Amino acid sequence: MVQKITAIIIGSVLIAIGINYFIIPNHLVDGGVIGLGLIAKYTAGMKPGLTIIVLSLPLYIYAWFHFRSYFYNGVHGLLASAFFIDYFHPLMTLHTPPILISSITAGLLLGAGIGIMLLTQVSTGGVDLLALMLTKVISLNVGLIILIIDSIVVLFGWLIIQETTLIYSGLMVGMIGLTTFTITKTFSS
C-alpha cells in the first residue's frame with residue numbers, strides 16, 4: 001500500500017510539473033486524455049485536470065464492470081494526477097526553456113511519471129487505463145499502445161490548434177512512450 005501511494009504521488013507530481021512548466025507554455029499537445037485536456041485548455045480555457053476526470057469517466061465505468069482491480073488502482077491515480085495538474089498551474093507563468101528542451105524534458109517527466117505508476121498497476125486514467133486493459137487482450141507492451149493512441153490525439157490537436165507544433169509534440173510523445181516502455185520493461189517483475 002505504501003509503495004502504491006508513493007508511486008501515485010511521485011508519478012502525479014512529475015506529470016503535473018511536465019504539463020505546467022514545459023507543455024502548456026510551449027503550446028505542445030500530449031496524447032490520450034491528457035492531450036484532450038490540453039486541447040480543451042487551449043481552445044476553451046478549461047482546467048486540464050478537471051477535463052481529464054470528465055473524459056476518463058466512461059473508461060472507469062467500463063473498468064468497474066470488467067476490470068475491477070484496474071478501477072480501484074486507477075481511480076486514485078486519476079484523481080491525484082488531475083489534482084496536481086490543476087494545483088501546479090502557477091508553474092506555467094515561469095520562464096521555460098526553449099521548445100526543443102521543453103518537449104524532451106516533458107516527455108521524460110511524463111513518461112517517468114506514467115511508468116512509475118504503471119509499475120504498481122496504477123494509471124492516470126484515460127489512455128493508460130485503456131492500455132492496461134488492452135494488454136490483457138493483445139500482446140503488446142503498454143508503452144507501445146500508449147504511443148499509438150497518443151500519436152492519433154497529437155495529430156488531432158495539431159489539426160485543431162494552429163499554434164501547436166507537430167514536430168515538437170510528436171517528439172515529446174515519442175519520449176513519453178520510450179520512457180514509459182523502458183521503465184515498465186526494465187523494472188516490471
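Starting at the N terminus, the elements of the protein run α-α-α-α-α-α-α-α. The protein has eight helices and zero strands; helices (H or I, at least four residues) and strands (E, at least two) are DSSP runs, numbered from the N terminus. This is a predicted model, in which local features need pLDDT of at least 70, side-chain atom pairs count only at pLDDT 80 or more, and totals for chains, interfaces and linings use all residues. Residues are numbered from 1 along each chain as its sequence is written, and side-chain values use heavy atoms, with hydrogens and water left out.

First, show the whole chain. Its C-alpha atoms fill a box of roughly 40 × 30 × 30 Å along the principal axes. Of the 189 residues, 49% are buried, meaning under 20% relative accessible area (1.4 Å probe, protein chains only).

Next, select Ile 15, Ile 19, Ile 23, Leu 38, Tyr 42 and Ile 146. Within the largest nonpolar core, of 44 residues, these touch the most other members. Such a core is a set of buried Ala, Val, Leu, Ile, Met, Phe, Trp, Tyr and Cys residues joined through side-chain atoms within 4.5 Å. Then colour by helix: α1 (2–23), α2 (32–44), α3 (48–66), α4 (68–87), α5 (99–119), α6 (127–135), α7 (142–160) and α8 (166–187) each supply at least two residues of this core.

Now centre on Ile 23. Leaving aside residues up to four places away in sequence, Ile 23 touches Gly 18, Leu 28, Leu 38, Tyr 42, Ala 106, Leu 110 and Met 172; contact means heavy atoms within 4.5 Å.

Definitions and conventions. Buried means under 20% relative accessible area, exposed over 50%, partly exposed in between (1.4 Å probe, protein chains only).
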